[in-house]
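Please read the points below beside the sequence and the model, taking them one at a time.

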Amino acid sequence: MSFSGFVLFVLENRVGGFGLLALALLLAAWIDAALLRDLALIAVGLMAMSLVPITTDISTEHMAVMGSAMILAVGIPYAVSRFVFKDYAVRFPVLTGKAWTRAERWYLPAVVIMGYAVLPAYMVNTGVYRNWPAVSDPEGIARLFLGTNVLGIWDELFFICTAFALLRRHLPVGQANVLQAVLFTSFLWELGFHAWAPLFIFPFALLQAFIFTRTKSLSYIVSVHLLFDFVLFLVLIHAHNRAWIDIFIY
């Protein structure tokens with residue numbers, strides 16, 4: 001199941017990817033009915049995303065198409081888990097009633113510092129920033145900001161709260177974490193994070209799932225992700241308009 005994400009999103013091979021999905025479900029059916037149910041929910045999300053262009057195009061048409069697939073990829077597993085299976089395996093815990101610890105609060109500015117240290121050198125020196133549209137008008141900047149934030153939230157909803165949550169019902173946390181990180185990294189590769197991006201995206205995905213396991217808080221991991229993506233947004237604006245936000249070292 002996890003390798004199918006690599007085939008679908010990195011190799012962009014639908015036939016091979018769908019074949020692996022089918023094989024995974026057949027094997028799951030042979031192993032355990034509960035495993036089959038949970039892997040089928042992940043497969044629905046992977047199939048929904050693989051059927052639309054995964055790009056950084058911020059036109060209204062593309063955002064509507066990709067946004068619809070994102071809603072289905074998260075909404076169907078959630079609805080089926082809650083209303084059909086009634087096991088509530090897919091949850092989106094926002095208001096947990098638990099205050100963030102001092103370490104969790106300090107980690108938030110640390111994420112910004114890490115983003116500042118990594119993203120400018122990565123985006124500019126590799127030229128990967130060209131995979132994102134060059135915007136300089138207010139509407140384009142607003143669309144880019146919206147796109148980066150919505151995608152960041154969706155990453156946590158699907159890869160952590162859905163895929164990871166379902167996988168860890170059947171596997172040790174460490175194994176489930178590695179498998180979701182493969183899916184997470186593969187998807188972002190197709191989105192445009194090429195070159196050496198997996199060297200920091202894969203650990204980031206692992207850490208997000210680990211933090212979610214400890215905090216059980218979607219709001220916290222989304223805060224972490226959006227802070228990182230805010231630095232990404234600023235770097236993209238600067239990379240396409242070098243005189244703007246000239247605060248980065250690369």
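1. Four salt bridges turn up when the whole structure is searched, a salt bridge being a side-chain nitrogen of Lys or Arg within 4 Å of a carboxyl oxygen of Asp or Glu. Side chains of opposite charge can pair when their charged atoms come close. Please keep in mind that this is a predicted model, in which local features need pLDDT of at least 70 and side-chain atom pairs count only at pLDDT 80 or more, while totals for chains, interfaces and linings use all residues. Residues are numbered from 1 along each chain as its sequence is written, and side-chain values use heavy atoms, with hydrogens and water left out.

2. One of these salt bridges joins D38 to R169, with 2.8 Å between the closest N and O atoms. The pair connects distant parts of the chain, 131 residues apart, since D38 sits in helix 3 (residues 33-50) and R169 in the loop between helix 6 (138-167) and helix 7 (173-191). Helices here are DSSP runs (H or I, at least four residues), numbered from the N terminus. D38 is buried at a relative accessible area of 1%, whereas R169, at 39%, counts as partly exposed; buried means under 20% relative accessible area, exposed over 50%, and partly exposed in between, for a 1.4 Å probe and protein chains only.

3. R169 also forms a salt bridge with D87, and here the closest N and O atoms are 3.3 Å apart. This pair too links distant parts of the chain, 82 residues apart, with D87 placed in the loop between helix 4 (60-85) and helix 5 (102-126). D87 is partly exposed, its relative accessible area being 22%.

4. Because the two residues are four places apart in helix 6, about one helical turn separates R143 from E139. R143 is partly exposed, with a relative accessible area of 23%. As for shared partners, salt bridges join R37, D38, D87 and R169 into one network.

5. Helix 7 packs against helix 8 (residues 198-215) at an angle of about 135°, and their axes are 8 Å apart; axes are lines fitted to C-alpha atoms, for helices over the stretch in contact, and angles run from 0 to 180 degrees between N-to-C directions. The two helices are therefore oblique to each other, given that angles under 35 degrees count as roughly parallel, over 145 as roughly antiparallel, 65 to 115 as roughly perpendicular and the rest as oblique. Among the residues making the contact are F184 and W189 of helix 7 and F202 and F210 of helix 8, where contact means heavy atoms within 4.5 Å.

6. Leaving aside neighbours within four places in sequence, S50 is in contact with L8, F9, R14 and F18. From S50 to L218 the separation is 168 residues in sequence and 25 Å in space, C-alpha to C-alpha.

7. T148 is itself buried, with a relative accessible area of 8%.
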